[in-house]
Amino acid sequence: MKPTSDTRKPYGGSSRALIIALDVGTTFSGVSYALLEPGEVPKIHGVTRFPGQEHVAGNSKIPSVMYYDKHGRVMAAGAEADNASIISQAEDEEWIKTELFKLRLRPKSMKLKMNGMRLSTLPRHKTSVDVFGDFLAYLFRCTKSFIIDTHANGQTLWHHVETSIEFVLSHPNGWEGAQQTKMRRAAVYGGLIPDTDEGRARIRFVTEGEASLHACVQSGLAADNPSRHGFLVADAGGGTLDISSYAVRGTNPLVIEEVAPPDCIFAGSVFVSRRAREFLEEKLKGSKYGSSDSIDHITKRFDETTKRLFRDKKDLQFVPFGSPLDKDSQVGIRGGQLKLDGAEVAAFFEPSIQAAIASIKAQVDASQGMIKSVWLVGGFAASPWLFTQLQERLAPLKITVSRPDCQTSKAVADGAIGFYCDHHVSARMSKYMYGVEYLREYDPNDSEHQSRKDRLCELPSGPRLLPDAFDCILARCVKVKESTVFSRKYCTELTNLSTLSVFEVEIWCYRGGDTIPQWILRHAEDYSTLCVVRADLSLLSGSAEPKQGKNGKTYWTIVFSVEIHFGLTEFKARIKWNDNVSNFRVFFLMCAKSVGLK
């Protein structure tokens, strides 16, 4: 099998187009893009020059950091924010340093064990969406400058495509519709797209796991994978470890399917650094190096050197942080270096490694033993210790671990473009259970029903019903093809047709396991609203037939269907109905509260 770049189809559009993939990571970010020319095979390019990195040729990643002044204006971002003169100016002028802001977008269902870590304060009058939007705007400006300066007739090229640029935004496997909505709002705030239906449609989303899969395919790894075996892509980044499991189902063209629900855990490299900082605070307490600023500096040097090079816990480790005059034998500092025992450094990594192994084993079980290989990508994948530990601990399961022969740190940005161009994944596994609320007929002999008796309601036609019943439309761990539509028909009784103009159905998500619950527990952690589908059904008022209710009150019965598309990287739902005049009408929503009646 050839790598994707050899089998990618020529672009079939009629005019030149530009696709930009923005990978905003917890600690580092990058950008890739493709200029699509009619009849030509798309090529992926990386943005390799950013302000503040002019002295480093070909560096494709910048820190996800910004400085704001007291008025909420961005004063520096990316590599520039790491410049010594900027750091000094920031201190003098009391700028606010903002980092790890991506973690603020996490779903409430994803618990973050801070381990003493504090997210930096948001600038005045700024929300997490605003900050994310500011950073998207910065990446976009850098991309524009790079394309104009790098390509022949760059200015003309940019003017030709700038009003139709499509963007692919990557996000952790655990992010859901609410996070995608926030990211789309951030893109509007950052000026990437206009706040219109057409503008919002220019944003696409891909999970970091699936983007990493496409990067691995581009490097030819899929060519070496037997079709009968599954493989796992582990994207080890700064904040999250995104685990996705796949199997090759066809080779010409390449067709890949998910074989287990993807996982996302907070076990990235930033947590290794935070554990190191906690250790250093205790170790250096009472010494002249125990101040917060000194520990920040030593931790930063640990990040840049020791953490990246660590490979053997039997060897002593050194963190170079100062001058030859820095010395304190009581805490292991000599010649500007802090001495650490290899076992101490290994302990910083251990919780992340254990979490990765547990997640991988769960994926193997969920795939019924199909997985035989792991592809490790992401910035954290460059760690020799992480790589060898995964190899050693997965060897008893006869699972091999490898890294693609490419720059693993830019796998997500490149893979996001590959996702747009090649779209290899044809089926995905449902992570949770999805459904709607309906009214269940009251059974006086059922003790559960009796306990809910105070909430009884009565329809105009007579039945006594209980709210908050859960109707499952899609169960957990079900393989869903992109073309599959899950549909369920419902009806409701209305005594006032004017309410049809604001008709809503709430889509619920249940995360509590594989057993379908009978009821929706609205305040329980396992239940959440995935989105709300809204439609204007006022056109039905002309064809709806009035009926006489139990107490002589007039009512109308409205029949409709809820259709859900789960097989895409972005959840989509719609309400469908028949107005008895012109076949079916469709209301389409990408993700947006209320009650469906069964």
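Colleague: Where is the place of Ser287?

Modeller: Bear in mind that this is a predicted model. Ser287 is in the loop between α8 (269–283) and α9 (292–309).

Colleague: Is Ser287 buried or exposed?

Modeller: Buried, because its relative accessibility is 16% and the cut-off for buried is under 20%.

Colleague: And what is Ser287 in contact with, leaving aside its neighbours within four places in sequence?

Modeller: With those neighbours left out, Ser287 contacts Asp328 and Val331.

Colleague: Switching to aromatics. How many aromatic pairs does a search of the whole structure find?

Modeller: The search finds 20 aromatic pairs. One of them is Tyr33 with Phe146, an edge-to-face pair with 6.3 Å centre to centre and 70 degrees between the planes.

Colleague: Which parts of the chain does that pair link?

Modeller: Distant ones: Tyr33 is in strand β2 (residues 28–36) and Phe146 is in helix α3 (residues 128–150), 113 residues apart.

Colleague: Are those two buried or exposed?

Modeller: Tyr33 is buried, with a relative accessible area of 1%. Phe146 is buried as well, with a relative accessible area of 7%.

Colleague: What about the rings of Phe140 and Trp158?

Modeller: Their centres are 5.7 Å apart and their planes are at 45 degrees, so the pair is tilted. Phe140 lies in helix α3 and Trp158 in helix α4 (residues 154–161), so the pair ties together parts 18 residues apart in sequence. Phe140 counts as buried at 15% relative accessibility, and Trp158 counts as buried at 1%.

Colleague: α3 keeps coming up. How many of its residues are buried?

Modeller: 18 of its 23 residues are buried, which leaves α3 mostly covered.

Colleague: What span should α3 have, at 1.5 Å a residue?

Modeller: Its 23 residues should span 33 Å, and the end C-alpha atoms are 33 Å apart, so the two agree.

Colleague: Back to rings. Which residues form one aromatic cluster?

Modeller: Phe101, Phe132, Phe135 and Tyr138 form one.

Colleague: Which rings have the charged end of an Arg sitting over them?

Modeller: Among them is Phe387, where the charged end of Arg403 sits over the ring, 3.9 Å from its centre. Another is Trp519, with the charged end of Arg440 over its ring, 4.7 Å from the centre.

Colleague: New topic. Where is Ala346 found?

Modeller: Ala346 is in helix α10 (residues 342–366). With a relative accessibility of 8%, Ala346 counts as buried.

Colleague: What does Ala346 touch, not counting residues up to four places away in sequence?

Modeller: Ala346 touches Phe310, Lys313 and Trp385.

Colleague: And how many Å apart are Ala346 and Gly199 in space?

Modeller: They are 48 Å apart, C-alpha to C-alpha, and 147 residues apart in sequence.

Colleague: Last one, the strands. How many bridges join β24 to β25?

Modeller: 8 bridges join strand β24 (residues 503–510) to β25, and the two run antiparallel.

Colleague: Which residue in β25 is the bridge partner of Val505?

Modeller: Val533 is the partner of Val505. Strand β25 (residues 527–535) is mostly covered, with 7 of its 9 residues buried.

Methods
Residues numbered from 1 in each chain as written. Predicted model: local features only at pLDDT ≥ 70, side-chain atom pairs only at ≥ 80, totals over all residues. Heavy atoms only, no water. Phe/Tyr/Trp six-rings, centres within 6.5 Å; stacked < 30°, edge-to-face > 60°. Helix = DSSP H or I, 4+ residues; strand = E, 2+ residues; numbered from the N terminus. Buried < 20%, exposed > 50% of the residue type's maximum accessible area, 1.4 Å probe, protein only. Lys NZ or Arg CZ within 6 Å of the ring centre and 35° of its normal. Contact = heavy atoms within 4.5 Å. Expected span 1.5 Å × (residues − 1). Pairing = 2+ DSSP bridges.
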